[in-house]
Amino acid sequence: MTFETLGLSPALLRALNETGYTSPTPIQAQSIPGALEGRDILGAAQTGTGKTAAFGLPLLQRLAKETPPKGPRKPRALVLVPTRELAVQVADSIKAYGRHMRLNVTMIFGGVGMQPQIDNLRRGVDVLVACPGRLLDHLDSGHAKLDAVEMLVLDEADRMLDMGFLPSIKRVLSRVPKQRQTMLFSATFEPRIRALAMDLLDRPVEVQVAAQNTIADTIVHRVHPVDSASKRDLLIDILAKRHTDRVLVFGRTKHGCNRLAEQLAQAGLPSVAIHGNKSQAQRQKALDAFKAGRARILVATDVAARGLDIPELPLVINHDLPMVAEDYVHRIGRTGRNGAQGEALSLVAPEEGGLLRDIQRLLKTEIAMETVPGFEPSQPLRMDAKPAQGRGGRGGGQRPEGQRQPRKPGSRGHGKPQQRGAAPHAGPKQHRGGGRSRRTA
């Protein structure tokens, strides 16, 4: 199958050719035809399989065919994403696909000033890529209007639910017309995603190119048992002696990632950190340094587990295991992409045995353990240990990165004024989540 046989327009085919894409991935081949027919889409695929093009190409083709309403150009397509990095990546990809079309693509996310985003909205927008929190700021202040939206996309929907965005998503959906085409993409079809899809989608085309919670078979998994106090030294030993390529290292907390990046740099290993407390400019600077090779090691919290497209990343290291087993799948999805070989290495302390057990149960396989001479743990891994719900864990009192802290009525924060609060069918769509949801303060 080729992109030509999918029915894409000459302008899109030209852009794809210039970008170097030769043939569609499975998620693209199965999603694009139905999307071009105007059908709702429910798609699940592993990360790195081309979901952005699966919704971006039909989205652009539909908008290019239709004449926008007269007056100021309000968004006709809305793409909701969980993180700033994914917003940048999705918007850049859509711009690249639509380079030969007269369509305007704009991003909205937190961590940067409001005014440039307000200016872009005033100039007119066709495609709006946004994180829910900052989009609500613009909606509440009247700078953004969604009454012209014809196409709605929820990308990485499971990640948005993980980050606690469901109330914000419902508020956004209450501003979007009930009659629209909706596409929802997720890494898995877990029950809560099914429930959300039933509320949002109308007889969708269902596409699943990988089994739930599966991982690329090109990734080799290994565990190094080690005491917590020796993890940093073992990591330095691994990075200094056995690996010379770019490496993505996952930590559990923001402070821990900062400190680890500093310690690696002090050991002569150029490193940068990325997490939710960094400004967007700082995060982008760190990513640019990593992609350009100026920093060989990127230390990140789970905010980087999704959406980042890092070419030729052979190794992901879990300095700390994630508190939720599903996050292991999302973390290691940064390597082994598009058929490339990858390695996922986890440094596991005895008290993290229960977390490792949960990951192995999820993957339905055992991960090979390999003790490194000189770093033997003081005791075996306690596979029956219960995960500690402390700092950095779900339920440990720390709010998800990217989720705004609710303010008390009438309060002000950070010295800024408070913001105000599957067969084709004909006829209007009657059951839309956006129309039924209550506005939440």
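How many disulfides does the structure hold? The count is 0, where a disulfide is a pair of cysteine sulfur atoms within 2.5 Å. Two cysteines are worth a look here. C131 is buried, with a relative accessible area of 7%, and C257 is buried too, at 0%. Buried means under 20% relative accessible area, exposed means over 50%, and partly exposed lies in between (1.4 Å probe, protein chains only).

Before going further, a word on the model: it is predicted, so local features need pLDDT of at least 70, side-chain atom pairs count only at pLDDT 80 or more, and totals for chains, interfaces and linings use all residues. Residues are numbered from 1 along each chain as its sequence is written, and side-chain values use heavy atoms, leaving out hydrogens and water.

Now turn to helix 3, residues 51-65. Helices (H or I, at least four residues) and strands (E, at least two) are DSSP runs, numbered from the N terminus. The expected span of a helix is 1.5 Å times one less than its number of residues. Because 12 of its 15 residues are buried, helix 3 is largely enclosed by the rest of the structure. Among them are F55, P58 and L63.

Finally, follow strand 12, residues 315-318. L315 and I317 point one way, V316 and N318 the other, and all are buried. Strand 12 pairs (at least two DSSP bridges between two strands) with strand 9, residues 247-250, in the parallel sense over 4 bridges; there, V316 is the bridge partner of L248. Strand 13, residues 342-348, also runs parallel to strand 12, joined by 4 bridges, and its E343 stands opposite L315.
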